[in-house]
Amino acid sequence: KKNTLIKSTPCIILKNPQLPENIGMCARSIFNYGFSDLRLENPKQSWPNQKAIASSAGAFENIQKSTRVFSSFEEAVKGVNILFATSVRVRDLEKTVLTPREAINLIKNKYYDNKIGFLFGPEKAGLNNNDLSEANFIIQIPTNPAFGSLNLAMAVNIICYEWFINKNKDIIIELENVLEIADKKKLLNFKDFLIKNLHETNFFDDKSSLKLEINVKNIFSKSMLTDKDLLILYGVIKSLKNYKISN
């Protein structure tokens, strides 16, 4: 529903984040998708940090009480049942590697009643093998094979987005319904009206009439027109016809 604050339950864990601005942008991303449990493990700069707060675009005003700083990995993952660690590169570990979408589907189908944690590494090098070995699963975000460098906030945004659209399909449906496509009957009536007027204004010649009619109708059939679009087009055609008659 409009203006309803959606809540997403997993925690986002940033291990050794280096730039406060990135922490702020991560906070902005997670709050966009309803997350609030933000855990910072040994941030390079002290917390709270004004640069991070400023770059969060107001997100920290809403999640400051649920944003916590931890001095060890063990403390940061407390209460987490299933941990997903993100990595651009697949390391030499015997672990299940999933895309973000596969990971969210796995949670939905198998671990929906568990506390989920998503772990992200520092900006410069990401998570190392020791970090990845602590996770139940590894998430690899597909990128260009020749350039797989993702900003920390971008990576967080991708995971949170996948969670959000999986859990809130009604919002997606609502967005898709904002523009209601004109039904087939209305579109057929409009195309008949258009073709009739084109004949009256001698747009078609006898040799190519049928083929050209089909091509004209196809333009509007593939255009995904709304009711409002049709009303505008009716008005345009009538205006042009009246102009021709008066001249």
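**Entry 1: helix α1**

I began at G34, which comes just after α1 and takes a positive phi of about 85 degrees. I noted that helices (H or I, at least four residues) and strands (E, at least two) are DSSP runs, numbered from the N terminus. The model is predicted, so local features need pLDDT of at least 70 and side-chain atom pairs count only at pLDDT 80 or more, while totals for chains, interfaces and linings use all residues. Residues are numbered from 1 along each chain as its sequence is written, and side-chain values use heavy atoms, with hydrogens and water left out.

I then checked the length of α1, residues 20–32. The expected span of a helix is 1.5 Å times one less than its number of residues.

Which residues of α1 are buried? I found P20, N22, I23, G24, C26, A27, S29 and I30. Buried means under 20% relative accessible area, exposed over 50%, and partly exposed in between (1.4 Å probe, protein chains only). An α-helix has 3.6 residues a turn, so residues three or four places apart point the same way. The buried residues of α1 pack against β1 (11–15), β2 (38–41), α2 (50–55), α3 (59–63) and α7 (152–167). Contact here means heavy atoms within 4.5 Å.

**Entry 2: the whole chain**

I counted 11 helices and 7 strands in the protein chain. Of its 247 residues, 39% count as buried. Among contacts with a separation of 6 or more, residues 24 or more positions apart account for 83%.

**Entry 3: the sheet**

What is the order of the strands in the open sheet? I read it as β3-β2-β1-β6-β4-β7-β5, 7 strands with parallel pairing. Two strands pair if DSSP finds at least two bridges between them. β3 (67–70) and β5 (97–98) stand at the edges with a single partner strand each, so one side of each has no neighbour in the sheet.

I looked next at the partner of β5. β5 pairs with β7 (residues 137–139) in the parallel sense over 2 bridges, and V97 stands opposite I138 in β7.

I then turned to β4 (82–86). In β4, 5 of its 5 residues are buried. Both faces are covered, with I82, F84 and T86 on one side and L83 and A85 on the other. β4 pairs with β6 in the parallel sense over 4 bridges, where the bridge partner of L83 is G117. β4 also pairs with β7 in the parallel sense, over 3 bridges, and there F84 has F137 as its bridge partner.

I found α7 lying across β1, β4, β6 (116–120) and β7, and running at about 160 degrees to β6. Axes are lines fitted to C-alpha atoms, for helices over the stretch in contact, and angles run from 0 to 180 degrees between N-to-C directions.

The axes of α5 (residues 100–110) and α7 come within 9 Å and cross at roughly 45 degrees. That makes α5 oblique to α7. Angles under 35 degrees count as roughly parallel, over 145 as roughly antiparallel, 65 to 115 as roughly perpendicular and the rest as oblique. α5 passes α7 in a right-handed crossing. A crossing is right-handed if the near helix is turned clockwise from the far one by less than a right angle, and left-handed if anticlockwise. On the α5 side I listed P100, R101, I104, N105, I107 and K108, which meet I158, I159, E162, W163, I165 and N166 of α7.

**Entry 4: helices α9 and α10**

At what angle do α9 (residues 184–200) and α10 (residues 209–221) pack? The angle is about 140 degrees, with the axes 10 Å apart. That makes α9 oblique to α10, and α9 passes α10 in a right-handed crossing. The residues of α9 that meet α10 include L187, F190 and L198, and those of α10 include V216 and F220.

**Entry 5: two asparagines**

Not counting residues up to four places away in sequence, N197 touches I237 and K241.

N129 is found in helix α6 (residues 129–133). N129 is partly exposed, with a relative accessible area of 34%. N129 and D92 are 37 residues apart in sequence and 8.0 Å apart in space, C-alpha to C-alpha.
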